[in-house]
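User: I'd like to learn how to read a model like this one, feature by feature. Can you walk me through it?

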Amino acid sequence: MFISKSFIPILKNNPSEAKIKSHQLMLRVGMIKQSSAGIYSWLPLGFKIMKKIEKIVREEQNKIGAQEILMPTIQSSEIWKESGRYDDYGEEMLRIKDRQDREMLYGPTNEELVTDIFRSSIKSYKSLPQLLYHIQWKFRDEVRPRFGIMRCREFYMKDAYSFDVNDDDAVFSYNKFFLSYLKTFKRLELTAIPMAADTGPIGGNLSHEFIILADTGESKIFTDKRIFDLNNEGSVLEKKSLEDLRKKYEQFYSVTDEKFNKEEFEKEVKEENRLITKGIEVGHIFYFGDKYSKALNASVDLPGGKKDFVKMGSYGIGVSRLVGAIIEARYDDQEEIMKWPFSIAPYEIAIIPMINKNDTTALEKASNIYEHFKANNIDTIIDDTDENISSKIKKFNLIGIPYQIIIGKNSDGDLLEFKEIGKDPKNLKIEEIVKLLIKLKEKN
Ligand code: 5CA
């Protein structure tokens with residue numbers, strides 16, 4: 001992409017309406033544009049990043065055997081009346097009437113709809129477990145949408161649902177998602193800690209929120225800080241090893257404020273290990289047994305001829321919120337330097353030539369390198385504007401492309417000034433750079 005032809009509307013200064021750094025940066029580099037309160041358009045840079053996050057989330061869902069579907073954003077109120085949540089959900093639900101005066105709604109979550117899909121086709125225990133997920137827009141009419149896409153009204157979520165024949169198997173499914181979440185967030189280079197959590201309007205009694213630490217987070221957390229040293233998330237999709245994995249995390253006190261109990265905390269956690277801080281909830285998993293299957297009559301035939309309601313869980317990841325969460329975790333707003341993880345960076349490398357009006361040699365050289373990268377399938381952005389080099393560098397520090405090539409007056413011959421953002425430059429040949437980037441691509 002040539003920057004002169006790109007749609008990356010960069011602002012000179014931080015917009016005053018943004019209170020936290022992710023919101024500031026996203027508006028500053030034109031990743032999003034607000035369309036109305038809590039509702040945003042995603043512009044090319046932000047959209048590319050979100051799509052790459054979505055891809056990683058999807059791959060990790062597929063790895064545990066979850067099957068992807070796509071449910072609509074607009075749902076009928078009928079199934080919500082069946083579950084009893086049509087009234088319970090309250091003001092957060094956006095209710096709509098169609099031309100026949102039928103009550104519809106913009107889905108805030110999909111437990112009812114997926115249960116309806118399940119019950120229409122699955123009749124026997126032999127077809128279980130079923131793990132279904134989709135990645136789709138949700139709408140919640142939040143009282144106080146704020147912090148840009150972090151707490152907005154329309155947001156992009158991965159939501160998965162599990163259906164099992166009994167509690168034991170259902171907890172096995174729950175644990176598969178527990179593992180899958182640890183892996184997903186690790187691939188996004190985030191340290192997301194599972195914390196025992198409240199279940200709110202989704203229901204049930206077993207639940208974990210996955211939280212990354214951030215001063216600007218909205219979740220208050222109480223932990224034994226040794227949980228942050230755990231790094232062995234295992235990989236085997238087997239009942240016992242997944243149980244052990246969850247136990248390994250659960251041995252350390254770690255809860256959100258709804259679950260906080262001062263006495264327990266002080267009894268279980270030595271003073272030097274106590275950490276009370278704030279974080280951002282990037283995922284939330286729930287086990288709620290037959291709450292929805294009973295209400296919607298979703299049962300299967302059991303081996304002996306009896307029937308029983310299936311046992312269900314649901315598992316959410318805030319895909320759009322993750323874009324902001326990753327910025328909160330990685331953006332140095334004092335130095336104004338962002339560095340996206342390579343796997344989700346909007347471009348893999350930036351070519352930044354020093355362009356002088358009367359001398360186009362740097363631009364020609366940059367264009368040749370650009371073509372070479374393109375031929376090797378490396379996603380490249382080239383700054384072909386005639387801004388001065390220091391403002392170009394400043395701009396790319398904000399955009400956060402992890403690697404850069406700077407082509408200045410002194411770049412003669414084969415060696416190029418290659419730089420990982422925030423680090424010292426090295427002189428490398430183009431073939432060496434291509435090799436390095438291809439290796440990184442394979443690793444991710
Ligand atoms: N049905 C369950 C699991 S699929 C559910 O809806 N869970 S949730 O309410 O916890 O939402 C899942 C994730 O969506 C949250 O962990 C959070 O990362 C994201 N999320 C929730 N509300 C918002 C919001 N208003 N703005 C941005 N992201 C949100």
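Analyst: Happy to. Let's begin with a loop: D101 sits between β5 (94–97) and β6 (103–106). Keep in mind that this is a predicted model.

User: What is the phi of D101?

Analyst: The general idea is that most residues other than glycine have a negative phi. Here D101 has a positive phi of about 70 degrees, and D101 is not a glycine.

User: And the peptide bonds? Which residues does a cis peptide bond join?

Analyst: In general, most peptide bonds are trans. In this model L128 and P129 are joined by a cis bond, with omega at about 0 degrees. P129 belongs to the loop that runs between α5 (111–121) and β7 (130–139).

User: Now charges. How many salt bridges does the count come to?

Analyst: Side chains of opposite charge can pair when their charged atoms come close. The working cut-off is a side-chain nitrogen of Lys or Arg within 4 Å of a carboxyl oxygen of Asp or Glu, and by that rule the count comes to 35. One of them pairs E54 with R58, at 2.8 Å from N to O. Both residues are in helix α2 (residues 44–63), where they are four residues apart, about one turn of the helix.

User: Which residues come nearest to the ligand?

Analyst: There are 22 residues around the ligand, and T109, E111, R140, E142 and E281 come nearest. By type, the shell divides into nine nonpolar, six polar and seven charged residues.

User: How much of the ligand's area does the protein bury?

Analyst: Taken alone, the ligand exposes 590 Å², and the protein buries 96% of that.

Technical notes: Residues are numbered from 1 along each chain as its sequence is written. This is a predicted model: local features need pLDDT of at least 70, side-chain atom pairs count only at pLDDT 80 or more; totals for chains, interfaces and linings use all residues. Side-chain values use heavy atoms; hydrogens and water are left out. A residue is near a molecule or strand if one of its heavy atoms lies within 4 Å of it. Accessible areas come from the Shrake-Rupley method with a 1.4 Å probe; for residues, only the protein chains shown count as cover. Ala, Val, Leu, Ile, Met, Phe, Trp, Tyr, Cys and Pro count as nonpolar, Asp, Glu, Lys and Arg as charged, and the others, Gly among them, as polar. Helices (H or I, at least four residues) and strands (E, at least two) are DSSP runs, numbered from the N terminus.
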